[in-house]
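Trainee: Could you walk me through this chain? I would like to go slowly and ask as we go.
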Amino acid sequence: MKPTAFANSSFTGQALFSKSSKCLQSARRISISMTAAGLSRRQILHFGLWFAAASGLSFAKENCHAIAPTELQFTVPPLPYAYNALEPAIDRKTMMLHHDKHFAGYTSKLNAALATLGKNTPPTVEALMALLSNLSKISDISLRTALRNNGGGYLNHKQFFESLAPMPNAEPSGKLRDKILSEFGSIENFKKEFGNQATSLFGSGFAWLVKEKSGNLAIRQYANQDHPSMDNDGSVALLGCDVWEHAYYLRYNNRRNDYIAAWWDVVNWAEVNRRLV
Ligand code: MN
């Protein structure tokens, strides 16, 4: 994935970390000096409670006000269109639950996992991709799994919602169209092959169109919330179809085929083309 495509320009982590560190150091110095004065831990605790109440948390407000925890965490990007904008292909209620609950759930669990990891990972897509492409380096299996599921969940859903649009181009154009025609013979054949992968994916996951390191296109199945960046093979994620039941079951029930057929109507080909460049 081109790093600049998903750059988060609002991140000012270095300054915040620096300020946060100073606050913690101040608190630690107070604690150490009280211990040196011969006060028990209990007395120190009582003093701490009094200090916080008496100062009205002004210490935090005046010295640490710039530390908004959310500024160091991944946040759910607003849906770039109305909840009902993709109807009839995707209904309003599914969009609300999918974006506001499922996507948000992956995001908060990703933040929790990153806090456990404790490496001050900037909340940018490129930093997350770099982390996910080297998951094997994380020795704690449960933490590795949490990062895989929720980091993948974050990337998959960010790109999924961005790759849809209410009034999209009906067909791929430009360089993407040329590549599809050259490698799949026709748009129809490409859609058929992609649809076969999406339909036959067992259980929950994503079908992804990727550009491989060689430059060739490929259609791959990914289980659960795995994402092409986890392959660490230089492939670029272009277009992903979410075939978890939460993406379609309210409207389509067991008819995944019908969901995929309608999903083509709302693919934002301009965005997919942008990812290819
Ligand atoms: Mn989903």
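Trainee: How many helices and strands does the chain have?
Mentor: The secondary structure comes to 11 helices and three strands, where helices (H or I, at least four residues) and strands (E, at least two) are DSSP runs numbered from the N terminus. Please keep in mind that this is a predicted model, in which local features need pLDDT of at least 70 and side-chain atom pairs count only at pLDDT 80 or more, while totals for chains, interfaces and linings use all residues. Residues are numbered from 1 along each chain as its sequence is written, and side-chain values use heavy atoms, with hydrogens and water left out.
Trainee: And what pattern does the chain follow along the sequence?
Mentor: Read in order, the pattern is α-α-α-α-α-α-α-α-β-β-β-α-α-α.
Trainee: Which residues are the protein donors of the manganese ion?
Mentor: They are His-98 (NE2), His-157 (NE2), Asp-242 (OD) and His-246 (NE2), which lie 1.9 to 2.1 Å from the ion. Donors here are N, O and S atoms within 2.8 Å of the metal (3.2 Å for Na, K and Ca), and since water is not among the atoms, sites may look incomplete. Along the chain, the donors follow the spacing H-x58-H-x84-D-x3-H.
Trainee: Where do His-157 and His-246 lie?
Mentor: His-157 lies in helix H6 (residues 141–162), whereas His-246 is in the loop between strand S3 (236–242) and helix H9 (249–252), so the pair ties together parts that are 89 residues apart in sequence.
Trainee: Is His-157 buried or exposed?
Mentor: His-157 is buried, and so is His-246; buried means under 20% relative accessible area, exposed over 50%, and partly exposed in between (1.4 Å probe, protein chains only). Of the 277 residues of the chain, 42% count as buried.
Trainee: New topic, then: how many residues are in the largest nonpolar core?
Mentor: That core has 65 residues, and those with the most contacts inside it are Leu-147, Phe-190, Phe-194, Leu-209, Tyr-259, Trp-263 and Trp-264. A nonpolar core is a set of buried Ala, Val, Leu, Ile, Met, Phe, Trp, Tyr and Cys residues joined through side-chain atoms within 4.5 Å. Its largest share, seven residues, comes from helix H4 (residues 92–117).
Trainee: What is Leu-209 in contact with?
Mentor: Leaving aside its neighbours within four places in sequence, Leu-209 has contacts including Phe-190, Phe-194 and Ile-219, where contact means heavy atoms within 4.5 Å. Ile-219 and Leu-209 are 10 residues apart in sequence and 4.6 Å apart in space, C-alpha to C-alpha. Ile-219 is in strand S2, and it is buried, with a relative accessible area of 18%.
Trainee: At what angle do H8 and H10 pack?
Mentor: Helix H8 (residues 187–200) and helix H10 (residues 256–263) pack at about 140 degrees, with their axes 10 Å apart. Axes are lines fitted to C-alpha atoms, for helices over the stretch in contact, and angles run from 0 to 180 degrees between N-to-C directions. The contact is made by Phe-194, Gly-195, Ala-198 and Thr-199 of H8 together with Arg-256, Asn-257, Ile-260 and Trp-263 of H10.
Trainee: And which residues does the cis peptide bond join?
Mentor: It joins Glu-87 and Pro-88, with omega about 10 degrees, and Pro-88 lies in the loop between helix H3 (58–64) and H4. Most residues other than glycine have a negative phi, and most peptide bonds are trans.
Trainee: What is phi of Asn-224 near?
Mentor: Phi of Asn-224 is near 55 degrees, a positive value in a residue other than glycine.
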